[in-house]
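Here's a quick tour for anyone meeting this structure for the first time. Have a look at the fold, then read on.

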Amino acid sequence: MKIKVTDPTTWTQDCHPIVSGETAGPMLPGTTVTYDLLNTSATKTPPINQWDAMSHYIGIPDAIYNVNAGATLPSALTSIINWQSIIIEFANGETIDLGRGCVQPGTPTFNSGPTPSGRTAATNTLLSPAQQIVTIF
């Protein structure tokens with residue numbers, strides 16, 4: 001899975017900062033994972049070991065934070081961003097893209113639709129940075 005977080009209040013400035021990460025392994029069917037905070041994502045199964053932050057627009061140098069190695073994303077980032085989108089990649093190469101685009105707050109979430117083989121997925125929009133939990137099952 002590929003997961004992206006942004007500042008949802010800055011849609012007119014292209015939703016910066018943007019922080020992106022990928023799971024370090026597959027998620028097996030029938031399992032659940034909860035990513036409650038970016039800085040603890042390496043302790044989950046499958047882990048997200050590092051986050052790539054594009055944050056220079058808000059005065060924080062762009063960086064890759066390897067949370068598996070003990071790096072911590074600064075609170076100046078984690079206090080303003082929340083979960084934005086998830087790209088689910090299936091073993092057969094199909095994908096589903098879920099989330100909220102970089103658009104005016106209140107705009108509905110997007111869903112790339114079912115895969116050719118009929119897989120579906122759904123998501124909802126988190127409204128505030130305090131809601132830093134995403135559960136995938």
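## Strand pairing in the sheet

In this predicted model, strands β2 and β4 (residues 50–54) pair in the antiparallel sense, with four bridges between them.

## The whole sheet

Now zoom out. These strands belong to an open sheet of seven, with antiparallel pairing and the order β5-β4-β2-β1-β6-β7-β8. The edges are β5 (63–66) and β8 (110–111), each of which pairs on one side only.

Leu 98 has Asn 111 in β8 as its bridge partner.

## A nonpolar patch

Which residues form a nonpolar patch on the surface? They're Met 54, Tyr 57 and Ile 58, and together they have about 290 Å² of accessible area. Met 54 belongs to strand β4. Its relative accessible area is 31%, so Met 54 counts as partly exposed.

## Salt bridges

How many salt bridges are there? The count is three.

Let's start with Glu 89 and Lys 2, whose closest N and O atoms are 3.4 Å apart. This pair ties together distant parts of the chain: Glu 89 is in strand β6 (residues 82–89) and Lys 2 is in strand β1, 87 residues apart. Both ends are partly exposed, Glu 89 at 42% relative accessibility and Lys 2 at 32%.

Next come Arg 119 and Glu 94, with side chains that meet at 3.2 Å, N to O. They link distant parts of the chain too: Arg 119 lies in the loop between β8 and β9 (134–136), while Glu 94 lies in the loop between β6 and β7, 25 residues apart. Is Glu 94 buried or exposed? Its relative accessibility is 13%, so Glu 94 counts as buried, the cut-off being under 20%. Arg 119, on the other hand, is partly exposed at 33%.

That leaves Asp 36 and Lys 44, whose side chains form a salt bridge with an N to O distance of 3.6 Å. Asp 36 is partly exposed at 26% relative accessibility, and Lys 44 is partly exposed as well, with a relative accessible area of 22%.

Note on methods
Residues are numbered from 1 along each chain as its sequence is written. This is a predicted model: local features need pLDDT of at least 70, side-chain atom pairs count only at pLDDT 80 or more; totals for chains, interfaces and linings use all residues. Side-chain values use heavy atoms; hydrogens and water are left out. Two strands pair if DSSP finds at least two bridges between them. Helices (H or I, at least four residues) and strands (E, at least two) are DSSP runs, numbered from the N terminus. Patches are made of residues with over 30% relative accessible area and no salt bridge: like charges are joined within 9 Å, nonpolar side chains (Val, Leu, Ile, Met, Phe, Trp, Tyr) within 5 Å. Accessible areas come from the Shrake-Rupley method with a 1.4 Å probe; for residues, only the protein chains shown count as cover. A salt bridge is a side-chain nitrogen of Lys or Arg within 4 Å of a carboxyl oxygen of Asp or Glu. Buried means under 20% relative accessible area, exposed over 50%, partly exposed in between (1.4 Å probe, protein chains only).
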